[in-house]
Structure formats: structure tokens, C-alpha cells
Amino acid sequence: MASARPHDSDSSDDNSKANGKSADRIKDSAQQIWLAGLGAFAKMQQEGSKAFEALVKDGAGMQKKTQQAAEETLSQAQQRMAGFASEFGSKAAGQWGKLENIFEERVARALEKLGTPTAADMAALQARVDALEAQLKKQQAHGGAAKEAAPARASRNATRGATRKTAAPTASAPKKTTLRRSKAG
């Protein structure tokens, strides 16, 4: 057993040497990391203003792009709204046109029921009057003053009859008279 113990002491020395080497490596590694961090910090201090200026420049470029995109979107929205407005206006104008036509038709029907001559009736009457005036002038030019009196009266009577759509019966029929009896007592 004595021989086993000295052998155990050799292995513990090996372990302590290995542990010492690992600790040294960890210290060296930590030292290198620390130095790398300090070097990065020093470099950033030197180049920090350059990096800051580059970031500002990149930010300005991004802002311009964003503003352009916003302006394009606004322009498209305005075009759409203008299109909607013109479409709405044309639809509204169409509806007003329909309403106007309905109103005109109803007024025309009401005037017809009242016996008012239509525009076509008035135009036909005006054309007839113009023709009669031309005929009258022609007869006056030929010197037939005596012959003119009878046709002029006839044309005037025809004109009056044409303007009335429903002619009232003349007073040719005798009027009926009724006697009123009083209930006196």
C-alpha cells in the first residue's frame, strides 16, 4: 500500500499543474478580451465623429425618400378624390336632368288639362298668322281693298277658334228660368 500512495501524490501534482495552466490561459484570454474592448473604444472615439456624420447623412437620405413616398401617396389620393368628385358630379347632374324632365312632363300635362295651347300649337298658329299676313299683303298690293274685308274677318274668326281648344257653346239656346216658390205659410 505504501507504493500506491506515492503514486497518488504524483497524480495530484499533475492535476495542480494542469489547473494552474488552465487558470493562466483564462487570465490571458480575459486580458486579451479586455484589451480588445479598450482598443475598440479608442478606435470609436477617434472615428466616432466620422461615424456620426455618416449616420446623419444616411438619415437625411432616408428622410428624403420617405417624403417623396408620402408626396406620391398624397398625389394619388388627391387624384382618386378628384375622380370620385367628378363621378359624383356627373351622377348628380344626371339625377337633376331626370328630375327636370319629370317636372317638365308634369307641368305639360297640367297645362294640357287646363286647355292651354302647347308650344307646337302656338308655333302652328304663328305660322298660319304669318301666311295670312303674307296673303293679305299680296292682296293689298293688287289693289283689292273691297275683297279684303271679308277674308280678313274670316281669318280673324278662324284664328280665335284655333286658340281655344274647347269652345264654349254660343248663346243660341234659350236659358231656362226657374221659379222659386217661397214657403210662406
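How much accessible surface does the protein have, and what percentage of it belongs to carbon and sulfur atoms? The accessible surface comes to about 17100 Å², and 59% of it belongs to carbon and sulfur atoms. The legends below refer to a predicted model.

**Figure 1. Overall arrangement of the predicted model.** The protein contains three helices and zero strands. Read from the N terminus, its elements follow the order α-α-α. Of its 185 residues, 2% count as buried.

Figure 2. Glu 87 forms a salt bridge with Lys 91, and the closest N and O atoms of the pair are 3.4 Å apart. This distance meets the criterion, because a salt bridge requires the nitrogen to lie within 4 Å of a carboxyl oxygen. The count for the protein comes to one salt bridge. Both residues belong to helix H1, which covers residues 4-114. Glu 87 and Lys 91 are four residues apart, about one turn of the helix. Glu 87 is partly exposed, with a relative accessible area of 41%, whereas Lys 91 counts as exposed at 53%.

**Figure 3. A nonpolar surface patch in the model.** Phe 103, Val 107, Leu 111 and Leu 114 make a nonpolar surface patch of about 420 Å². Leu 114, one of these residues, is located in helix H1. The relative accessible area of Leu 114 is 69%, so this residue counts as exposed, the threshold being over 50%.

**Figure 4. Helix H2 and the glycine that follows.** Helix H2 comprises 24 residues, numbered 119-142. At 1.5 Å a residue, helix H2 should span 34 Å. H2 is followed by Gly 143, whose phi is positive, near 85 degrees.

Figure 5. The protein averages a pLDDT of 76, and 70% of the residues score at least 70. Confidence is highest in H2, at a mean of 93, and lowest in helix H3 (residues 145-163), at a mean of 55. Over residues 165-174 the pLDDT is below 50.

Definitions and conventions: Residues are numbered from 1 along each chain as its sequence is written. This is a predicted model: local features need pLDDT of at least 70, side-chain atom pairs count only at pLDDT 80 or more; totals for chains, interfaces and linings use all residues. Side-chain values use heavy atoms; hydrogens and water are left out. A salt bridge is a side-chain nitrogen of Lys or Arg within 4 Å of a carboxyl oxygen of Asp or Glu. Helices (H or I, at least four residues) and strands (E, at least two) are DSSP runs, numbered from the N terminus. Buried means under 20% relative accessible area, exposed over 50%, partly exposed in between (1.4 Å probe, protein chains only). Accessible areas come from the Shrake-Rupley method with a 1.4 Å probe; for residues, only the protein chains shown count as cover. The expected span of a helix is 1.5 Å times one less than its number of residues. pLDDT is the predictor's confidence in each residue, from 0 to 100. Contact means heavy atoms within 4.5 Å. Patches are made of residues with over 30% relative accessible area and no salt bridge: like charges are joined within 9 Å, nonpolar side chains (Val, Leu, Ile, Met, Phe, Trp, Tyr) within 5 Å.
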